[in-house]
Amino acid sequence: MPNTVIIGAQWGDEGKGKVIDILAERTDYIVRYQGGNNAGHTVVIGPDKFVLHLIPSGILHKGKKCVIGNGVVVDPRALLDEIEMLGSKGIEVDGRLFLSETAHVIFPYHKVLDELKEQKKKKIGTTKKGIGPCYADKVARLGIRVVDLLDKDILREKLENNLEDKNAILTKIYNADAFDIEKLYREYLDYGEKMRKYVCDTTVLLHDALKRKKSLLFEGAQGTLLDVDHGTYPFVTSSNATSGGAATGTGVGPNRIDKVIGVVKAYTTRVGEGPFPTEFSDDLMDTIRHKGGEFGATTGRPRRCGWFDSVVVRHSVKINGLDELVVTKLDVLDDLDSIKVCTAYRYNGRIYKDFPADVKVLNGCEPVYEQLPGWKADTTCITSYMKLPKNAKRYLKRMQKILGTKIVLISVGSERRQTFSSE
Ligand code: IMP
């Protein structure tokens with residue numbers, strides 16, 4: 001298989017886990033390159049449901065190698081818990097899981113700072129996993145990396161340096177408790193020992209794999225509109241969830257990537273605060289939320305739902321250089337009489353076909369809709385494109401035309417068998 005990046009083309013939760021699980025079968029290495037355990041990739045295999053937050057979903061395939069790249073932020077407790085959860089289900093990761101020595105580490109003070117910031121009136125609606133504060137330390141050159149946990153002197157020095165500032169902020173600004181260095185030091189030194197066998201220079205590992213003609217699948221987390229540069233800033237996550245992140249977050253050059261695939265839901269969802277032009281304002285919110293099981297895989301929060309927004313996805317096509325699209329959750333629209341697709345925004349008498357960067361415009365814009373007839377039929381048992389109802393095909397064709405990008409795969413349920421190609 002060509003070296004491929006899979007990204008979310010909306011606000012995350014597009015069903016990337018399932019798509020990665022399917023493509024992983026034909027890949028040698030599956031690589032996470034950004035984000036942390038704010039992600040929740042769900043894979044359903046028969047009666048088993050796996051929700052993976054840090055380890056690439058490819059781990060569910062026997063013999064596949066999985067890499068957590070340098071661009072990821074790692075909460076060691078979360079990683080060790082995930083390894084244990086997989087072990088309890090008979091999935092061994094030893095010899096198959098590789099953790100970048102230069103990935104940054106999430107500490108409890110990152111989580112506490114994330115939570116305290118979220119208590120303010122102007123919140124982002126984060127997952128409170130400490131993602132933003134950890135990336136902030138990385139960019140401020142204060143961060144502690146995985147390799148630092150393996151050296152007791154360096155860990156102590158860096159932790160002392162960090163806690164001096166963090167404890168002052170916690171106690172003086174937020175009136176919160178300070179962290180005890182000894183306790184934290186011992187805890188993280190222990191994590192380092194437990195993770196040691198997975199730690200390596202993953203960039204060297206991946207280049208070695210490329211030399212041996214192995215194929216790589218880069219697993220993006222979150223979605224394009226949550227990208228810190230190209231999303232609805234400041235209502236975004238703190239990493240590059242777009243395809244460009246795959247190069248910086250792994251050390252594999254962009255010229256080694258052959259294909260970029262975007263995953264989209266047949267409608268739109270987002271979790272947390274921020275603009276969402278096509279958000280439902282009527283009963284459809286509840287209907288689609290329940291039919292689609294739109295509750296966060298990481299936090300359990302109800303997701304906001306709305307119509308398919310092609311302004312958003314056209315933006316994604318450009319930013320990520322999308323070659324192909326996968327449409328998920330088409331079945332969630334099965335019962336609707338008619339379906340709307342947003343083709344542009346109207347703001348102050350002006351039509352926007354390109355995604356506006358200004359949150360004020362996004363908050364005030366009115367979506368321009370095209371209405372299509374529904375298909376009013378159960379699609380969950382359908383196994384080929386040919387067998388889809390006429391109006392479902394019409395919806396997908398229209399989507400493809402507006403986006404100018406080929407839809408290659410369609411999903412009509414959470415199981416592996418509920419997926420078929422558009423041919
Ligand atoms: P953070 O990544 O926890 O800092 O959260 C920042 C924003 O990204 C919030 O709106 C979250 O709801 C959103 N977010 C983070 N991870 C995911 C995800 O995996 N799916 C969907 N939204 C996410």
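Student: What does the side chain of Thr 328 reach?

Tutor: The backbone oxygen of Glu 14, at 2.6 Å. That falls under polar contact, meaning N or O atoms within 3.5 Å; within protein, one must be able to donate a hydrogen and the other to accept it, and residues adjacent in sequence count only if both atoms are side-chain atoms. Bear in mind that this is a predicted model: local features need pLDDT of at least 70, side-chain atom pairs count only at pLDDT 80 or more, while totals for chains, interfaces and linings use all residues. Numbering runs from 1 along each chain as its sequence is written, and side-chain values use heavy atoms, with hydrogens and water left out.

Student: Is Thr 328 buried or exposed?

Tutor: Thr 328 has a relative accessible area of 4%, so it counts as buried. The cut-offs are under 20% relative accessible area for buried, over 50% for exposed and partly exposed in between, with a 1.4 Å probe and protein chains only.

Student: And which residues does Thr 328 touch?

Tutor: Leaving out residues up to four places away in sequence, Thr 328 touches Glu 14, Gly 15, Val 19, Val 263, Val 264, Lys 265, Ala 266 and Ser 411. Contact here means heavy atoms within 4.5 Å. Thr 328 and Gln 418 are 90 residues apart in sequence, and their C-alpha atoms are 10.0 Å apart in space.

Student: Which strand is Thr 328 in?

Tutor: Strand E15, residues 324-328. Strands (E, at least two residues) and helices (H or I, at least four) are DSSP runs, numbered from the N terminus.

Student: Where does E15 sit in the sheet order?

Tutor: Between E11 and E19. The whole open sheet has ten strands, ordered E9-E7-E5-E2-E10-E1-E11-E15-E19-E20, with mixed pairing. Two strands pair if DSSP finds at least two bridges between them.

Student: Which strands stand at the edges?

Tutor: E9 (199-200) and E20 (419-421). Each has a single partner strand, so one side of each is left without a neighbour in the sheet.

Student: What about E10, how do its side chains point?

Tutor: E10 covers residues 216-219, with Leu 216 and Phe 218 pointing one way and Leu 217 and Glu 219 the other. All of these are buried. E10 runs parallel to E1 (residues 4-8), joined by three bridges, and Glu 219 is the bridge partner of Ile 6. E2 also runs parallel to E10, with four bridges, and there Tyr 29 stands opposite Leu 216.

Student: How does E2 pair with E5?

Tutor: In the parallel sense, over four bridges, E2 being residues 29-32 and E5 residues 65-68. Val 31 stands opposite Val 67 in that pair. E5 then pairs with E7 (residues 97-100) over three bridges, again in the parallel sense, where Cys 66 is opposite Leu 97.

Student: Switching to helices. How many residues of H1 are buried?

Tutor: Nine of its nine, H1 being residues 16-24. Val 19, one of the residues that Thr 328 touches, is among the buried ones in H1.

Student: And what covers the buried residues of H3?

Tutor: The cover includes strand E8 (104-105) and helices H4 (131-139), H5 (152-173) and H6 (181-195). H3 spans residues 108-118, and its buried residues include Tyr 109, Leu 113 and Leu 116.

Student: OK, ligand time. How many residues surround the ligand?

Tutor: 15, and the closest are Asp 13, Asn 38, Thr 127, Thr 237 and Arg 301. The shell divides into six nonpolar, seven polar and two charged residues.

Definitions and conventions
A residue is near a molecule or strand if one of its heavy atoms lies within 4 Å of it. Ala, Val, Leu, Ile, Met, Phe, Trp, Tyr, Cys and Pro count as nonpolar, Asp, Glu, Lys and Arg as charged, and the others, Gly among them, as polar.
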